[in-house]
Amino acid sequence: MTSKLPTDLKTVLESEIKEWHFHIYFHQNNAEEQHAALELRDAVLRLRRDGAFIAVPSFKVNTDPVGPHPVGSYEIWVPAETFSSVFSYLSQNRGTLSILVHPLTRDTRMDYEQRAAWLGPAYPLDLSKLPARTEVLPAEYTSLKVGYSCKVPFMNLGDRAALGSNVEKVLLREQNAARAPLP
């Protein structure tokens, strides 16, 4: 049986998602939830200022449903370079708020329908007004030169291949680690 999943290193790295949105949700008529959401936004802004991660909350906070979002919300744009740090922080500090996480690719509807994840309970989305696809790569905050606007990759193909080889060698001593299939 041949897998249809891509496993060519170059192909996988070239298709890697470089930018993400976190949508923080709050019921617009719930002052306590809205306050918690805005406190979380301010904390993210302070942490960004202090260098914890790169995250750009939108200036506008939607106090009513907008687009596919059924309740009040705001978004936080995050480049892949600091995605795990922001994800970790929001996972630990969201309280009872729900957060939609989705990638930014040309396949807009698929990003919300099939590639999204939730921190907390999911909300039903109205995707009927979203375009299926856009021809323009959705790069945001290009002046930061991270995400899709980064010109120098974190690691080149050779660096990645060396990393993989080294990890495989180290894991040979670990009984619980699955072995990579032979080429």
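Helix α2 of this predicted model spans residues 31-49, and its 19 residues reach 27 Å from the first C-alpha to the last, close to the 27 Å expected at 1.5 Å a residue, where the expected span is 1.5 Å times one less than the number of residues. Helices (H or I, at least four residues) and strands (E, at least two) are DSSP runs numbered from the N terminus. Residues are numbered from 1 along each chain as its sequence is written, and side-chain values use heavy atoms, with hydrogens and water left out. Local features need pLDDT of at least 70 and side-chain atom pairs count only at pLDDT 80 or more, whereas totals for chains, interfaces and linings use all residues.

Within α2, the residues Glu-33, Gln-34, Ala-37, Leu-40, Arg-41, Ala-43 and Val-44 are buried, that is, under 20% relative accessible area with a 1.4 Å probe, protein chains only. These buried residues pack against β1 (19-26), β2 (56-57), β3 (72-79), α3 (83-93) and β4 (98-103).

Strand β3 has seven of its eight residues buried, so it is largely enclosed by the rest of the structure. Strands are taken as paired if DSSP finds at least two bridges between them. Strand β1 runs antiparallel to β3 and is joined to it by eight bridges, with Ile-24 opposite Tyr-74 in β3. The pairing of β2 with β3 is also antiparallel and extends over two bridges, and here Val-56 stands opposite Trp-77 in β3.

Technical notes: Buried < 20%, exposed > 50% of the residue type's maximum accessible area, 1.4 Å probe, protein only. Contact = heavy atoms within 4.5 Å.
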